[in-house]
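Hello,

Here is the structure I promised to pass on. Please have a look at it first, and then read my notes below.

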Amino acid sequence: MIWLMLLTLAIVFFIGFRVLHSRTRRAVKALTRKLNIDVVWVESLIAMMGKNAGEEFVDYLTDDNDAHLANAASVLLIYQTFIVDESEENLIAWQAVMRKAHLPAALSIGHVRLALSFLREIEPDAEEMHAFRQRYNARFAPEEEIPANGNVFSIHSRLH
């Protein structure tokens, strides 16, 4: 009898966990599928964002919009190459991930603003991030490919 109660309790916790985290899992899965990367990269980004910004990022990803996926990929690129590991090898590896996913090589000012918005809890330096964008674009993006704002949408664009 005790085994039956423990089994029921375990099933209830398992189902509850799956229901509570299904939206986040779908968002993470969409981005990892687009970039063909391991889930841990996106999950660490969301965890580093904090509760509110992480939820906003998940909302941004669950819009089922290819432009949002591309923008989220750019935020991940900025996070992995500017915040986590600024090494040349890491920069080349993440640029290759973007290229294989057929995403634009350039980072726009809008991408930097979006990254600053989502990463606000770790308070990255805006000037340093803009300098990083310029170095990155000089290295990987042809001049004619660099858009002013590209296809970046504000996380608050739905409210207006």
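First, some ground rules. This is a predicted model, in which local features need pLDDT of at least 70 and side-chain atom pairs count only at pLDDT 80 or more, while totals for chains, interfaces and linings use all residues. Residues are numbered from 1 along each chain as its sequence is written, and side-chain values use heavy atoms, with hydrogens and water left out.

**The chain as a whole**

The chain has eight helices and zero strands; helices (H or I, at least four residues) and strands (E, at least two) are DSSP runs, numbered from the N terminus. Along the sequence the pattern reads α-α-α-α-α-α-α-α. Of its 160 residues, 39% count as buried. Buried means under 20% relative accessible area, exposed means over 50%, and partly exposed is in between, with a 1.4 Å probe and protein chains only. Among contacts (heavy atoms within 4.5 Å) between residues at least 6 apart in sequence, 76% join residues at least 24 apart.

**Helix 8**

The expected span is 1.5 Å times one less than the number of residues. Met-129, Phe-132, Arg-133, Tyr-136, Asn-137 and Phe-140 are the buried residues here. Seen down the helix axis, they fall within an arc of 130 degrees, so they line one face of helix 8; the arc is that of the directions from the helix axis to the C-beta atoms. These buried residues pack against helix 5, helix 6 and helix 7.

On the other side of helix 8, Glu-127, Gln-134 and Ala-138 are exposed. For Ala-138 the relative accessible area is 67%. Ala-138 and Ala-106 are 32 residues apart in sequence, with their C-alpha atoms 9.0 Å apart in space.

The N-terminal end of helix 8 is capped by Asp-125, which has a side-chain oxygen 3.3 Å from the backbone nitrogen of Glu-127.

**Helix 2**

Helix 2 (residues 22-35) can be read in a similar way. At 1.5 Å a residue, its 14 residues should span 20 Å, which agrees with the 20 Å between its end C-alpha atoms. Its buried residues are Ala-27, Val-28, Leu-31, Thr-32 and Leu-35. They fall within an arc of 125 degrees when seen down the axis, so they line one face of helix 2. Their packing partners are helix 3 (39-49), helix 4, helix 5 and helix 6 (88-100). The face turned away from the buried side carries Arg-26 and Arg-33, both exposed.

**Helix 4 against helix 5**

Helix 4 (residues 51-61) and helix 5 (residues 66-84) pack at an angle of about 145 degrees, with their axes 9 Å apart. Axes are lines fitted to C-alpha atoms, for helices over the stretch in contact, and angles run from 0 to 180 degrees between N-to-C directions. Helix 4 contributes Phe-57, Tyr-60 and Leu-61 to the contact, and helix 5 contributes His-68, Leu-69, Asn-71, Ala-72 and Val-75.

Also in helix 5 is Thr-81, which counts as buried at 2% relative accessibility. A polar atom of the Thr-81 side chain lies 2.6 Å from the backbone oxygen of Leu-77. Leaving aside neighbours within four places in sequence, Thr-81 is in contact with Glu-86, Asn-90, Leu-91, Trp-94 and Phe-132.

**Positive phi values**

Most residues other than glycine have a negative phi. Which residue with a positive phi follows helix 2? That is Asn-36, with phi near 55 degrees. His-102 is not a glycine either, and has a positive phi of about 60 degrees. His-102 sits in the loop between helix 6 and helix 7 (109-118) and is exposed, with a relative accessible area of 72%. Glu-123 has a phi near 50 degrees. Its place is the loop between helix 7 and helix 8 (126-140), and Glu-123 is exposed too, at 68% relative accessible area.

Conventions:
A polar contact is a pair of N or O atoms within 3.5 Å; within protein, one must be able to donate a hydrogen and the other to accept it, and residues adjacent in sequence count only if both atoms are side-chain atoms.
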